[in-house]
Amino acid sequence: MEPDCNTPLLKPDDAVIRCINTEEENSSDSSGSDNQSNTKRRTRLPFHYPHVHRNARVRREAGSDSIATYQRYRYYNKLTDPTIDTLSIPDHVIPQSFFFPFASIIRPIAKQRSIITIFSIWNTMMGSSLLSIPWAIQQAGFGCGIAILISMGCLCFYTAYRIVGLRSLAELPSSAVEFPDLCRHLLGPWAERGATFFSLIPLFGGAVVYWVLMSNFLYFIGVYVYGLIESYIHGTNSSHIINTTYPDVYCPSSYPVNLTLNLLSSTGNSTMDPFYKYWSMDGTIPFYIAVVFAPIVSMKSPGFFSKLNAFGTLSIVYFIIFIIAKGIIWGVHFDTVDPTSISYVHLFKNTFPVLVGTLSLSFFIHNCVLSIMRNQKKPENNGRDLAIAYVLVGATYLIIGGVFFVTFPFEKSCIEDNLLNNFRSNDVMAMITRAFLLFQMWTLYPLIVYILRVQVMHFLFGTIYPSWKPVLALNAFVLTICILFNIYLPKVGTIIRYCGAISGLAYIFTLPCVTYMKALKDKKQLTLWTKVIHYFIILIGICNFISQFLMRNN
């Protein structure tokens, strides 16, 4: 058979000349047939990009040897699965005539070291629930709370570890890069849709919690600044007004509302001041924030705020130093013997599911752990790095929760779901902490809304930015829900535990176990004990979800 353009091992020069002449003849046809032939021929070649060399005749310049190499590549490429790189052409075999000048500016994605991966996971999990850990431990009792914190950390690590190793276990294609993709390959499209839906709940809950906390921090910072101005104008001093052993901290539940707000003012003046009429935590401030964020969340890409995300690590470090410093100043207030003591500590309380629900969000990394570990320099260390990250996160929660709980100088039931609410507004260290956290959340909130918008738009329309109308409608809906929660239910701990229980039921307790058992079943390695253990984990998630509705809001 005489060789032609379709011969996979094309070599003779005369066949190459015939191919080129055939192309020239085809190029002289009518515009309609030319467009049709070009459409068929414009498949992406392995040596160049058609949109870059649109008007260049690369094949003519390549010569017979290069064209033969290309034809052999096409032939070998059809012998294996396209997702497998076994027979991909090596770089040194590609003819130099197919390289173009712009190739030098295209850099491969940098591989990250283990230390970067570990702290990325740590920084991602250190969210708003950090402020609620002491309150959640108080709801469970100190002894029970520490045991649950360690147990939940181990359980969440195990299910996250199953997600990390699932693709290699099930031998899924490299195109499955996210957990919903893995669910689709193993369980079907319904599992992918379910995983996508439940991944939106932590984002939506995080947006609401951040909004409530931003309003809270902004209020206290404004009160602090207003108090300084009043002190300067009227010459008053707050040191003689607050006459307690611990002037920087108080128990909000022990004071009436008016007296509590009076204590927040560093000058002790009446809160009927016109300033508080226009500076209200659950009245005016949520709308002030909405005016600022309405145009920001409508941006197509909040790249500027992602550059400031590294500032969050400094905020967390300062927050840990702040808690340890306050603990040293207060001293230990821990008594398990005398129930009449102000420092009496319950070791167990039947409201412990509150802590389980809170920790379900505190240890939640399952929807993005594959994205964080995708560019690992040494993928074989994924399990080790994930374990180290969880140890660091658990240690951080133990330090914050344990130190604040043990050293809190009043009754432990006074601990608020936002521990900064236990500090008066005239405390300098607390004000600095609020300023740090406010800036962090100010930069994170647009990113959270952007990720939420991308997932919702892609889920509904198949594109991340269909038009400005659905984007505007979604942003208006999110901001409205945040404002309503800020006004009617500004309970950070309650929002966190419900979001954690709902999303954790799917992402922590159910889907990782079901997909792992399905992968083992396909390989005929599923045993009875494996079923028992993983069904028990699913049962824990169901009980955690149901119990949240049985807990009374204190």
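Reader: How do the residues of the lining of the largest cavity divide into nonpolar, polar and charged?

Author: Rolling a probe the size of a water molecule over the atoms shows where empty space is left. In this predicted model, the lining of the largest cavity has 8 nonpolar residues, 3 polar and no charged. About 100 Å³ of space lies in that cavity, and the count of cavities of 30 Å³ or more is 1.

Reader: Which residues line the largest cavity, and which elements give two or more residues to the lining?

Author: The lining consists of Met-126, Gly-127, Ser-128, Leu-130, Leu-131, Tyr-210, Ile-316, Phe-319, Leu-437, Gln-440 and Met-441. Two or more residues come from helix 15 (311-330) and from helix 19 (428-461). Helix 19 gives the most, with 3 residues.

Reader: Which residues have the most contacts inside the largest nonpolar core?

Author: In soluble globular proteins, nonpolar side chains tend to be buried together. Here the largest nonpolar core has 129 residues, and Trp-211, Phe-319 and Tyr-445 have the most contacts inside it. Helix 10 (residues 189-234) gives the most to this core, with 19 residues. Phe-319 also lines the largest cavity. Leaving aside neighbours within four places in sequence, the contacts of Phe-319 are Leu-130, Leu-131, Ile-400, Leu-419, Leu-420, Thr-433 and Leu-437.

Reader: Why does Asn-544 count as buried, and which residues is Asn-544 in contact with, leaving aside its neighbours within four places in sequence?

Author: Buried means under 20% relative accessible area. Asn-544 counts as buried because its relative accessibility is 3%. With those neighbours left aside, Asn-544 is in contact with Pro-353, Val-356, Gly-357, Ser-360, Ala-501 and Phe-509. The C-alpha atoms of Asn-544 and Gly-357 are separated by 6.5 Å, although these residues are 187 residues apart along the chain.

Reader: What holds for the protein as a whole, in helices, strands and buried residues?

Author: The protein has 22 helices and 0 strands, and 48% of its 554 residues are buried. Of the contacts between residues at least 6 apart in sequence, 80% join residues at least 24 apart.

Conventions
Residues are numbered from 1 along each chain as its sequence is written. This is a predicted model: local features need pLDDT of at least 70, side-chain atom pairs count only at pLDDT 80 or more; totals for chains, interfaces and linings use all residues. Side-chain values use heavy atoms; hydrogens and water are left out. On a 1 Å grid over the protein atoms alone, a cavity is a set of points where a 1.4 Å probe fits but cannot get out, and a pocket is an open set with protein on both sides within 12 Å along at least five of seven lines; lining residues have an atom within 4 Å of a point. Grid points are joined across faces, edges and corners, and a volume is the space filled by probe spheres set on the points. Helices (H or I, at least four residues) and strands (E, at least two) are DSSP runs, numbered from the N terminus. Ala, Val, Leu, Ile, Met, Phe, Trp, Tyr, Cys and Pro count as nonpolar, Asp, Glu, Lys and Arg as charged, and the others, Gly among them, as polar. A nonpolar core is a set of buried Ala, Val, Leu, Ile, Met, Phe, Trp, Tyr and Cys residues joined through side-chain atoms within 4.5 Å. Buried means under 20% relative accessible area, exposed over 50%, partly exposed in between (1.4 Å probe, protein chains only). Contact means heavy atoms within 4.5 Å.
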